[in-house]
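These are my notebook entries on a structure that I examined by topic. The sequence and the model come before the entries.

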Amino acid sequence: MTTTAALRPRVRNAILQSLRAGVTPRVGQAHIQVGRANEVRALLTDIERIADGGSAIRFVIGEYGSGKTFFLNLVRAIALEKKLVTAHADLNPDRRLHASGGQARSLYQELMRNASTRSKPDGGALQSIIERFVTRARSEATDRGVAADAVIHERLAALAEMLGGYDFAEVVAGYWRGHESGDDALKANAVRWLRGEFSTKTDARNALGVRTIVDDSNVYDHLKLMARFVQLAGYSGFFVCLDELVNLYKLPSARARGANYEQLLRILNDTLQGSAVGLGFVFGGTPEFLLDTRKGLYSYEALQSRLAQNRFATGEIVDLKGPVINLPNLSPEDLFVLLGKIRDVYAAEGHATRLVSDDGLRAFMQHCSQRVGDAYFRTPRNTIKEFVNLLAVLEQNSEVDWEQLIGTADLAEESNPDLAPLEEDVEGDDDELASFQL
Amino acid sequence: MSEFAIVIIIAGAVLLWLLSQTRERPQPRTAKRERSGTGHVVDRTGPRNVRAILSLTYTDAEGQTTLRTVRVESFDATRYGGSFVGHCELRGDSRTFRIDRVQSAVDTSTGEEIHDLRAYLSRLSGLTQRIGSGPIDDDLNDLLRTTVSLDRHPRPDRHRAQERPEESAKLADRCWTPAGRIITVGGYRIEQGMLYIGKDLPPVGGWHPAEPALIDPSLPVARHSPAREGGGMPYWPSYGSIPAECRAAYLEWLSTGRSDPHAYIGYVFLYFYGLERRLLFDLRHLPDRQGEASALIDEVDRLLSIYGENRSFRQYGSALLHLARALWSEAGGLNHPPSTERRGGEIPIEVRLAVGRLIAAGKPIPAEWALAWVAGHPETRLRTPSQRCAKEFRELFLHRFNVMFGEGMVLKPNKRRLRISHKPASASFGGPVDIHFDLPDITGISAPLRLLRELAETASSELESYSRFIGRNPGEADSLQALALLPPELAASRESPETLRLREWFEQTLSGRDWVVTTVSHLIALWQCERDDRIRKDELGSLARMLDSIGYGIEPDPRFGGSALSADQKIVLFRVESRSLSAVSPTYHAATLLLHLAAAVAASDGEISEEEERHLEGHLERSMDLTQTEVIRLRAHLQWLVASPPKLTRLKRRVEEIDERSRHQIAHFAVAIAGADGVIDPEEVKILTKIYQLLGLDPDQAYGDIHSLRTDSRWHPADQPVTVRPPESHPIGYAIPGHHDRTPASGSGFQLDMERIERTLAETAVVSSVLAEVFVDDAALEPVSSGAPQDATTTADLDAPHSQLLLALKARAEISREDFEKLAEELNLLPDGAFEALNEAAFERAGLPLLEGEDPIEIDLETLGVLTE
């Protein structure tokens, strides 16, 4: 687990802002992680295996509000810390693993847009990766006293052997040529090609002299190439997070669904057989996506047999070695610890210290359970949001006590489980902010 | 609980006192609020106009705290739990500020420190509720609401004009002096009209006692001392309330043509208020007067042409202009090209209107409007090049758009209807004016916008090097070096004296031929290279791009594998037909490599004979899948090889340096290329054996390799008897059977095994890296790293250039992306690569990143300290 050493103001603000907006923080998750040590450890092992040139695949299965997305983000942050390159995307009707109408390419584009490195954790790191590759090659060339060109080609030769790798290598070399001859158009085109933004082969050929493009049929191959490439650039591996897999389950056409599951099977087989080097996948989905024998993963026999629960792991006994990780729902106790952690984050960095006592936390939870019943800890999004708002009010009005305010938190039961789309990061799009009433 | 009620009552009393205090303040919004009228319940939502200039410490969404001066324009008690809109001088733009992010505030007009900004703004805005923050508001408010409506009327009159707009407009019409009617006020003869003259004209809405633009001739005018500099004019002027000296200056300005460019802008605004009222209120309720509109619009346009320099006036003026055009002119403003200026936080109204109109009519959206749409969208972030080279950016965008969409984009109308909320300059309206249109609202459309944004992004990144050049060498926008950096589409249409000179020189030198060999020194003189004895690779590259755009080529060309050249070397100039060659296929690379080898071999027995030349040329053109442009370039390349054959002695020395495996690879490659057309004829065999010799390999091995090319299953599975010698048609040479699912290659029916070529090409990359070392001339070798001396001190496990970059960042808290790129470039580093490398070192050493953010890039000084220790 990452250390929770220093909480920087930037991270603190980011955490609080995300929580306030009701979305999962993208940074600093470690500061508010509660429990789940075994699950985190399992994924950590996966990540280390990827960093050692292995491969890994996990399905993180949990109910709405059990913190899948949070968990995925946490895992992603760990992967970044371990010098992997990560890419994440939510599946939706326009972004699938397999398609013929450009939806798979669109998923690839989204992944590449979100490609992150430790120093660029918010995505958009593709160009950095390419330049890192070139930079390393160049310094190696300086050390060996040979031309940079030669080193770059030598390194890219490893890619050229892979499926579709010849053009991939050619495009990266094109980026270098563009840099060297001051040709920005060529550089931009190379990046666009790698991001899957070319839609016709003719365009790609005119711009870069290559014959292929990233299209629906070769998305997975390109992910494998990317995994190899980031290793060549000096990163430990490539980690792909795909969330909202329930969208595959919701595909109305059985054929389309089957094709997507087939793609999953291919990834699963590759990974379990270790033929994908330095590449890891983690998928987030709901139980019905996994278990539904009519439309879920279990409807696909080959997947079912590979993913089926270990018969010996029932109830309290868990098996974290299998590809499926089941996230339990949050318990009231978990939530209590979580609120405490949020309070500490709030109080960090010289901001008013300890605004609410532990009794205050209890009172707040009590209030929540009265307002919304048990759901408050199962779907903690609103609870957390209101709690952060409460802290904000307390901080700004030093004369007000928490006792006065706790009863005022206005909570509504969360609706629309499942497909509640993640809000975009609109600045301060939280009108409910002032919803305190006496 | 009873104690609490008492507190509330006391608070209410205090509030009432506050309200009575505000009456004395000269704030127009709150002044004279006791005018008659019926009390009504205050509506709590929506923005309210407020005028105040505040000095704020503000923390933005990214957590950055800055000190800003903000001219507050409106206040909204509910949005974001209390926010206000104001013109921020730091950003030079209108912004929304959230009260909860304001750390401290001072009213600059009074110097008063404001502890409760929310209450302060509520008060100024005339909202009586929500004083104090937090949960007490609502109850207090309820209390106030009852109390206030009993004896005080917070917003009397507000609805008078709006409830009976026709009457109010008719009243205004009686005061209106149309264009051309001559009047005399206070001794000033005013000819052009377009003014409200008279008494007692109520405003459209709001709290102003009278229409601010109304000239009341009975008021005193200080003719002897007009305040031309605008001394005494409040921020929010009204003819009735400004000092007599100001009236004199205003009337003087009106009577002297309304065009003195140095006039105080407040007077222009005062006049503008009248035009605004006429266009946006009166005319909408007086159908028979609508003929006036075009003259009024022209007048606004005229004012803009004179006073448009003033940012605030330009903003209000152009907003009115566009809205008025949309309302009153036939084409709805479509025939006026949009400006791409950013205005506030939303897409400019004229764009929403015009694009909405086009979509509704099912017409294509032309390039100009598409650009205005994407550029005006608040979420579009265009980078520096699009601003610094606005003209080029525009041209490039339009060009690309037209290529992609032809006449324009056709979109399906969306459901959301367009509602324009216009913020008038005049206080007469008392807030935004809402106008509904039966048109689709493009703010709800995102898919085409993404496409447009991508287009804009590409255009701006392609202009980056040009922009950087212009930034560094202002005033040289037309120099050859600058033009060379432009994308070809733009460069082709830019004729400067220098391009003409260049073209002339080329025509003279070529004098009708297709190609000519010359020495590099000519080009160095022509291109004004940094050094006069050699031309750098990037210089040569930009020259080549420049030439591309005017229809010439050079060989060697660094874009396709050439390198730096010294002055005494040869270079081939030639004509190119197509200008679209930005990259060549790997096939082309393979072909040039073989040419090199062959040229080296051919030159070994003296010189390359014409026959050998033709043979090589023919072979490559036939056997490889080259485009016409590539063929032309390849011919030129061959000419260059003939003119400056690779020096054999040096070549031999280099060849000895590479290991045997690589040498074998090269040899195999040569064989594979020779066999690519399915035939290896004796002439080729001869050359191949020489290549083997050159490579220090046993020439006899060549025969074996040629044989294995035909039989090796890696190349081609022999699934049928190998035709050693086809009958008749092929007198010499060996035919290699075609792919198993095709008919075997026969002499005339020329068939290529594309798969095999692909495989061959895959080897090219390997071979070319080896060959790159072999064929690059010593003289032309690039210095390994030009910027950084090799003995420079290194820091924190970084190499010399990265250490230097690190030191250059010292003592800075942030650096703009552009400066960072410049620094990196000076040190011969790739900016994003350097960003990663520095951060990696920082993570190693300090566990924290050194650089964060996109633009500007923030530098963590503490981490920097750790790194440079």
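How many bridges join S22(B) to strand S23 of chain B? I found 2 bridges between S22(B) and S23(B) (residues 857-859), and these strands run antiparallel.

**Entry 1. Conventions.** I noted that this is a predicted model, in which local features need pLDDT of at least 70 and side-chain atom pairs count only at pLDDT 80 or more, while totals for chains, interfaces and linings use all residues. Residues are numbered from 1 along each chain as its sequence is written, chains are lettered from A and ligands numbered from 1 in the order in which they are written, and side-chain values use heavy atoms, with hydrogens and water left out.

**Entry 2. Confidence.** I looked up pLDDT, the predictor's confidence in each residue, from 0 to 100. Chain B has a mean pLDDT of 74, and 73% of its residues reach 70 or more. Within chain B, confidence is lowest in helix H3 (residues 136-151), at a mean of 36, and highest in helix H6 (residues 244-255), at 91. Helices (H or I, at least four residues) and strands (E, at least two) are DSSP runs, numbered from the N terminus. I recorded that pLDDT stays under 50 over residues 22-44 of chain B, for which the model has 58 contacts beyond four places in sequence. Contact here means heavy atoms within 4.5 Å. pLDDT also stays under 50 over residues 737-752 of chain B, with 30 contacts beyond four places in sequence. For the complex, the predictor gives an ipTM of 0.75 and a pTM of 0.57.

**Entry 3. The sheet with S22(B).** I then placed S22(B) in its sheet, where two strands pair if DSSP finds at least two bridges between them. The sheet is open, with 3 strands of chain B in the order S21-S23-S22 and antiparallel pairing. Strands S21 (814-815) and S22 (851-852) of chain B stand at the edges with a single partner strand each, so one side of each is left without a neighbour in the sheet. Glu852(B) stands opposite Glu858(B) in S23(B).

**Entry 4. The sheet of chain A.** I traced an open sheet of 5 strands in chain A, in the order S2-S3-S4-S1-S5, with parallel pairing. Its edges are S2 (84-90) and S5 (324-326) of chain A; each has a single partner strand, so one side of each lacks a neighbour in the sheet. From one strand to the next, the twist averages 20 degrees. Axes are lines fitted to C-alpha atoms, for helices over the stretch in contact, and angles run from 0 to 180 degrees between N-to-C directions. Strand S1 (residues 55-61) of chain A pairs with S5(A) in the parallel sense over 3 bridges, and Phe59(A) stands opposite Val324(A) in S5(A). Helix H2 (residues 37-51) of chain A packs on the sheet and touches S1, S2, S3 (237-243), S4 (279-285) and S5 of chain A. The direction of H2(A) makes about 155 degrees with that of S1(A).

**Entry 5. Cysteines.** I checked for disulfides, taken as pairs of cysteine sulfur atoms within 2.5 Å, and the count over all chains is 0. Cys241(A) is buried, with a relative accessible area of 3%, and Cys368(A) is buried, at 0%. Buried means under 20% relative accessible area, exposed over 50%, partly exposed in between (1.4 Å probe, protein chains only).

**Entry 6. Helix H20(B) and what follows.** Helix H20 (residues 537-550) of chain B has 14 residues and reaches 20 Å from its first C-alpha to its last, close to the 20 Å expected. The expected span is 1.5 Å times one less than the number of residues. Of the 14 residues of H20(B), 13 are buried, so this helix is largely enclosed by the rest of the structure. Just after H20(B), Gly551(B) takes a positive phi of about 95 degrees. I also found a cis peptide bond joining Glu555(B) and Pro556(B), with omega about 5 degrees. Pro556(B) is in the loop between strands S16 (552-555) and S17 (565-566) of chain B.

Entry 7. Met194(B), which is not a glycine, has a positive phi of about 60 degrees. Met194(B) lies in the loop between S9 (188-190) and S10 (195-197) of chain B and counts as buried at 9% relative accessibility. Arg258(B) has a positive phi near 55 degrees. Arg258(B) sits in the loop between H6 and H7 (265-285) of chain B and counts as buried at 1% relative accessibility.

**Entry 8. Ser460(B).** Ser460(B) lies in helix H14 (residues 447-462) of chain B and is buried, with a relative accessible area of 1%. Not counting residues up to four places away in sequence, Ser460(B) touches Arg383(B), Pro385(B), Ser386(B) and Phe393(B).
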